[in-house]
Amino acid sequence: MSDAQALIETRALIKAYDMLVVLRKLDLRIERGEFVALLGPNGSGKSTLLRLLCGLTRPTSGTILIGGWELPGEAAAVRAQIGMVSHKSLLYENLTARENLRFFARLYHLPARSVDTHIDDLLKQVGLYRRADSLVRTFSRGMQQRLSIARALLHEPDVLLFDEPYTGLDQDAARTLDDLLLQAHADGHTIIMTTHELERAARLAGRVLILNRGAVGYDAPAHNLTTDQLAIHYADLTGMTASA
Ligand code: ADP
Ligand code: MG
């Protein structure tokens, strides 16, 4: 018998854009239920890795396995297990919050019978129930972000990927996002989040990875890791300082 399979696994993963090699033989295992913070300087390949994991871009070589399904061959099965929240909100500004979720529910072929209750539950979960029938273009960045999270949760994926979710949020919205992330993790979702915020990485995640020059240069549990210690590791590895 082999070891239990990790929920997310990459083997010798290489991604290059023409002559630019972004990921060099990345070997990564993430177990079900982990909350991983992915740090690294701009251009170190964080977004590329998330896009690879959800099948938005293809590896140059190497293997990606999610829940036993392989990319790029089994992309539909992989997408069914993944929800992504990126900088682009992917929301329709001239539709209401509820209309947006109904639209994406149809895309995911969710059962029509139960979908309205499911959408109401999600809107309550992200604190937008009272604004369900407002147009998205009237929403603050934080509210749009929360609706994006509801959209990513629609098909009840095992894995949630967040690409710099704190960018552009004010302090209140950022604290609300902290709670949503911790709740999603407590609900059993496996989370990978890229961020530049070392303090949040150390506080929220259970494991911290630092990507540098196409490889994982640091990989450690976040329990008992202080922001100051993480800042030192980050600076040692990358030669740069990061915002705390
Ligand atoms: P990060 O998210 O860590 O800032 P990215 O994954 O966005 O890094 O980018 C890694 C490198 O790959 C950067 O040098 C970026 O310019 C390059 N890159 C990203 N996407 C593309 C693309 N579609 N075509 C060409 N180069 C790209
Ligand atoms: Mg990025």
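This note goes through selected features of a predicted model, point by point.

1. Helices α3 and α4. Two packed helices are described by the angle between their axes and the distance between the axes. Helix α3 covers residues 97-107 and helix α4 covers residues 112-125; their axes come within 10 Å and cross at roughly 130 degrees. That angle makes α3 oblique to α4, since angles over 145 degrees would be needed for roughly antiparallel. The crossing in which α3 passes α4 is right-handed.

2. Residues between α3 and α4. On the α3 side the contact is made by A97, R98, L101, R102 and A105. On the α4 side, V115, D116, I119, D120 and L123 take part. Sorted by class, this contact holds 6 nonpolar and 4 charged residues, with no polar ones.

3. Helices α4 and α5. The axes of α4 and α5 come within 9 Å and cross at roughly 140 degrees. α4 is therefore oblique to α5, and the crossing of these two helices is right-handed. From α4, the residues H118, L122, L123 and Q125 meet L147, A150 and L153 of α5. By class, the contact of α4 with α5 has 5 nonpolar residues, 2 polar and no charged.

4. Aromatic pairs. A pair of aromatic rings is described by the distance of the centres and the angle of the planes. Searching the whole structure gives 3 aromatic pairs. One of them joins Y92 and F103, with ring centres 5.1 Å apart and planes at 75 degrees, so this pair is edge-to-face. Y92 sits in the loop between β6 (82-85) and α3, while F103 is in helix α3, so the pair ties together parts that are 11 residues apart in sequence. Another pair is F103 with F104: the centres are 5.2 Å apart and the planes stand at 85 degrees, which makes this pair edge-to-face.

5. The aromatic cluster. Ring pairs link Y92, F103 and F104 into a cluster. F104, with a relative accessible area of 9%, is buried, because the cut-off for buried is under 20%.

6. S148 in helix α5. S148 belongs to helix α5, which spans residues 141-153. The relative accessible area of S148 is 2%, so this residue is buried. Which residues does S148 touch, leaving aside neighbours within four places in sequence? The contacts are V85, S89 and L91.

7. Helix α1. Residues 46-53 form helix α1, which is mostly covered, with 6 of its 8 residues buried. The buried residues are K46, T48, L49, L50, L52 and L53. Just after α1 comes G55, which takes a positive phi of about 80 degrees.

8. Backbone points to check by eye. Most residues other than glycine have a negative phi, and most peptide bonds are trans. In this model, L71 and P72 are joined by a cis peptide bond, with omega about 0 degrees. P72 is in the loop between β5 (69-71) and α2 (75-79). H109, which is not a glycine, has a positive phi of about 55 degrees. N224 is not a glycine either, and has a positive phi of about 65 degrees.

9. Where H109 and N224 lie. H109 is in the loop between α3 and α4, and with a relative accessible area of 70% this residue is exposed. N224 lies in the loop between β10 (215-221) and α8 (227-238). N224 counts as exposed, at 76% relative accessibility.

10. R130. R130 is placed in the loop between α4 and α5. Its relative accessible area is 82%, so R130 is exposed. R130 and L7 are 123 residues apart along the chain, and their C-alpha atoms are separated by 36 Å.

Terms used:
Residues are numbered from 1 along each chain as its sequence is written. Chains are lettered from A and ligands numbered from 1 in the order in which they are written. This is a predicted model: local features need pLDDT of at least 70, side-chain atom pairs count only at pLDDT 80 or more; totals for chains, interfaces and linings use all residues. Side-chain values use heavy atoms; hydrogens and water are left out. Axes are lines fitted to C-alpha atoms, for helices over the stretch in contact, and angles run from 0 to 180 degrees between N-to-C directions. Helices (H or I, at least four residues) and strands (E, at least two) are DSSP runs, numbered from the N terminus. Angles under 35 degrees count as roughly parallel, over 145 as roughly antiparallel, 65 to 115 as roughly perpendicular and the rest as oblique. A crossing is left-handed if the near helix is turned anticlockwise from the far one by less than a right angle, and right-handed if clockwise. Contact means heavy atoms within 4.5 Å. Ala, Val, Leu, Ile, Met, Phe, Trp, Tyr, Cys and Pro count as nonpolar, Asp, Glu, Lys and Arg as charged, and the others, Gly among them, as polar. Rings of Phe, Tyr and Trp (its six-membered ring) pair if their centres lie within 6.5 Å; planes under 30 degrees apart count as stacked, over 60 as edge-to-face and the rest as tilted. Buried means under 20% relative accessible area, exposed over 50%, partly exposed in between (1.4 Å probe, protein chains only).
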